[in-house]
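I opened my notebook to look up a few things in this structure. Have a look at it with me before reading on.

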Amino acid sequence: AVVGNPPYVRQELLGAQAKRQIAGCLAADWPEIARPYWERLMGRSDLAAAFIARSLRFLPEGGRLGFVLSQAALEAGYWEGLRRFLAERANVLAVVSSPAERWFADAAIHGVIVILERRTNGASPRPLARFARLGVPMVDAAARVRGLADLDVVAEVRALGGAEAWLSPWAPLVRAPDAWFAASREAGGLLVPLGEL
């Protein structure tokens, strides 16, 4: 397993030389992916993206990665490129957030826990990923959750199977309450993004 809380360093603060060095490390880690892919990804990525890609390399098949990330990572522009990379190499086991509580008093971000499992290229994705929106404080959840199946006791959980977990946007799954999803189902095609009006 690899468990951590990678630094949240916005790409604007990394500098061109650091981005080139990071892209070089990732290209060496994943020689089947051309260096320009990593240069494009690191050109607009938070430093945490490199931590995820680099850490996955150290896991054997079935090994797990558990990181505390910024919720902003789930909807940042670079996330799509990183998700495509991860979708071929990992299963999403769980994404856990607590929209009503900040986990770090001195950080101006909301955290999210992402748990991935390494799989062999081309292997079928795991059938179930849990996207959990905590309904209790993190300290209470930590005392009651001993495994992924326990998330249902402390959170609103949306379970997605197989490739759907990689194709669906993650941010709404961990931010919106169950009531939003129920209203959305009832409304059908009547709801449209504001930008389309």
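**Strands side by side**

I began with strand E3 and strand E4 (residues 111–118), which pair in the antiparallel sense over seven bridges. Two strands count as paired if DSSP finds at least two bridges between them. Helices (H or I, at least four residues) and strands (E, at least two) are DSSP runs, numbered from the N terminus. A note to myself: this is a predicted model, where local features need pLDDT of at least 70 and side-chain atom pairs count only at pLDDT 80 or more, while totals for chains, interfaces and linings use all residues. Residues are numbered from 1 along each chain as its sequence is written, and side-chain values use heavy atoms, with hydrogens and water left out.

Which residue of E4 stands opposite Val 92? I found Leu 116 there. I then turned to strand E5 (residues 129–134), which runs parallel to E3 and is joined to it by four bridges. Ser 97 has Arg 133 in E5 as its bridge partner.

Is E3 enclosed or open? Eight of the eight residues of E3 (residues 90–97) are buried, so this strand is largely enclosed by the rest of the structure. Buried means under 20% relative accessible area, exposed over 50%, and partly exposed in between (1.4 Å probe, protein chains only).

**The cores**

Next I looked up the largest nonpolar core, which has 47 residues. Such a core is a set of buried Ala, Val, Leu, Ile, Met, Phe, Trp, Tyr and Cys residues joined through side-chain atoms within 4.5 Å. Trp 38, Phe 85 and Val 92 are among the residues that touch the most other members. The largest share of this core, seven residues, comes from H4. Apart from it lies another core of eleven residues, including Val 96 and Leu 134.

**Two leucines**

Leu 47 lies in helix H4 (residues 47–57). I noted it as buried, because its relative accessible area is 15%. Leaving out residues up to four places away in sequence, Leu 47 touches Pro 7, Val 9, Leu 14 and Ile 22; contact means heavy atoms within 4.5 Å. Leu 47 and Arg 10 are 37 residues apart in sequence, and their C-alpha atoms are 6.6 Å apart in space.

Leu 65 sits in strand E2 (residues 64–70). Why does Leu 65 count as buried? I wrote down its relative accessibility of 2%. Beyond its neighbours within four places in sequence, Leu 65 is in contact with residues including Val 2, Ile 52, Val 114 and Leu 116. From Leu 65 to Asp 150, 85 residues apart along the chain, the C-alpha separation is 19 Å.
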